[in-house]
Amino acid sequence: MEPSERRHLTSGPTHRPAGTALAALPTVAELLEDPAFRAGLPEVVVGGDALDAPVRWVHTSERGDIARMLDGRELVLSMGTAWPEDDAALGVFVDSLADVGASCLVLELGTRYDALPPAVRSAAESRGLALVVLHREVRFVSLTEAGHGRIIAGQMTALRARDEVREVFTSLALRGAPADHVVRELARALGAPVVLESLAHEALIAEIPAGSEQTVLADWERRSRAAHREAQAGAHGEEGWLVVPVDARGKRWGSLVALPGQAHPAGRANVLSQGAIALALGRLADGGRDEWAAIARRHVLDPLLAGRFATPEAMAARLEAAGVPVEGRLLYGLALRGSEPSPAEIEAWALAAGGRARALAMPSRSGAALTVVLLSLPAHRPLDEAATAALQRALRDGGRVAIAVGREARDVDGATLALHEAIDNAGEPAAGTVLWVERRPLARLLSSLRDDHRLLDHGERVLSPIVEHDQRTSGDLQRVLRAALAHPGNRTAAARAAHLSRSVFYQRLELIETLLGVDLEDGETQTALHVALLSRPGARD
């Protein structure tokens, strides 16, 4: 084949599709496996990682100054007919290709060179530029057609994939899909963990494969800040995290972080950006509501309460990443009943007290509203009466709020027990008072046995007559019994706690004794009734 048959006909720069996603481009190694290239008996002289370089154009040229016509990511085909004569100039030629970001240099032997010049090999090795020689003559037009066909096919696949991704996340935004659903779809599309984080680098919503929480979320804040610095500098960090801001109209709410995963035909950054747009539109539609914070609270407290975590260490990593430190801290579970306090108010109180908290409004077992709080305090600052009094002062209608405080804990398992203790006893304290379960050994014992069928059966058998009476008449016998047992020997205080006059209170007690067939003055009966009442979650609330 004559050199003129293969020479590029124009002297201008190569024209290529703009905005090419590297993920959609074939690599040097993939092109070399194409039958058109295989026909030339290619030999890889310099390979390794250089073969993974993406190729966005196949350019044919014999010129030694072709680098000024390139834009980068080209595979350059040549027979070397117009290459420089001396070794130093050959080295400069190869350096110029590497400087503009060419992906590979392919030399066909047999026209000018029977063997690869050592200077070319040495320069390519020092610059990490893929270098290939063809031992059999091939039509360069066949190579360019094969290469461009692969490139264009990849671009079409990428365009279709981008359209599909855009359609999916636009649909999610228009439907008002919650943020956790958007994050879940991102993780599914990317095949990798995805985290929505706050401006303070707290992991608000994390979609992570089961069993990977500890690996993904450990030391989250430090690693996230490093990834942000690297992204701003345009560098790829050691961990390969992809970071995209969630912002709109000049306001930024947080960032999406995707950990390394499989390539996506639409480009991983493009997929993450579409998710960020959907989340930003959701924030704009929310107005003043902070949907992210509410979902983030559920993502922290729901798994803790339900025991949906692989190991305590994994749950601790999730808590730490969400801004609730565990290591070396004192942990408390609180349950607040009455006036529906705002989780944001409770978390602000915790910050003022030098701690961190996550609060979540949820129905109790009886259906009454409770606010459950996981509180983390420094080891030198345990929760005390002054702090709980400050909490009640910090709340709107704090005087109407009753607080149950579970045990002091130092790890995830202990914190889980503390939360359940607080929830189980939330119906015990009167409005404006605090119940410390740690100081109520019977309440603490029954909380630890709350799911024992024998205890539940005892409560049902002993109390069913007055429970059924209250249901038929919308009565208050359970509340009266609770007040009587809370103030044994002091009927005046008991009547006051039940918000009844003494005469009406005595009438209620007589009715209870009649329905249950018991003597409320008997100590053993009082104990049995107290245990039964505490064993019934509905009676506590």
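Predicted model: local features only at pLDDT ≥ 70, side-chain atom pairs only at ≥ 80, totals over all residues.
Begin by selecting the open sheet of four strands, whose order is 7-6-9-8 and whose pairing is antiparallel. Strands in a sheet pair through backbone hydrogen bonds, in either a parallel or an antiparallel way. Colour strand 7 (203–207) and strand 8 (242–248) next: these stand at the edges, each with a single partner strand, so one side of each has no neighbour in the sheet. Looking across the sheet, you can follow a twist that averages 20° from one strand to the next.

Now select strand 6 (residues 194–198) together with strand 9 (residues 251–258), which run antiparallel and are joined by five bridges. Within this pair, show leucine 196, which stands opposite leucine 256 of strand 9.

Move on to helix 13 (residues 343–352) and helix 14 (residues 385–394), which pack at an angle of about 140° with their axes 10 Å apart. Helix 13 is therefore oblique to helix 14, the limit for roughly antiparallel being over 145 degrees. The crossing of these two helices is right-handed.

To see where they touch, display the side chains of Glu345, Ile346 and Trp349 in helix 13, which meet Ala387, Ala390, Leu391 and Ala394 in helix 14. Sorted by class, this contact holds six nonpolar residues, no polar residues and one charged residue.

Methods
Residues numbered from 1 in each chain as written. Heavy atoms only, no water. Axes fitted to C-alpha atoms, helices over the stretch in contact; angles between N-to-C directions. Parallel < 35°, antiparallel > 145°, perpendicular 65-115°, else oblique. Left-handed = near helix turned anticlockwise from the far one by under 90°. Contact = heavy atoms within 4.5 Å. Nonpolar A, V, L, I, M, F, W, Y, C, P; charged D, E, K, R; others polar. Pairing = 2+ DSSP bridges.
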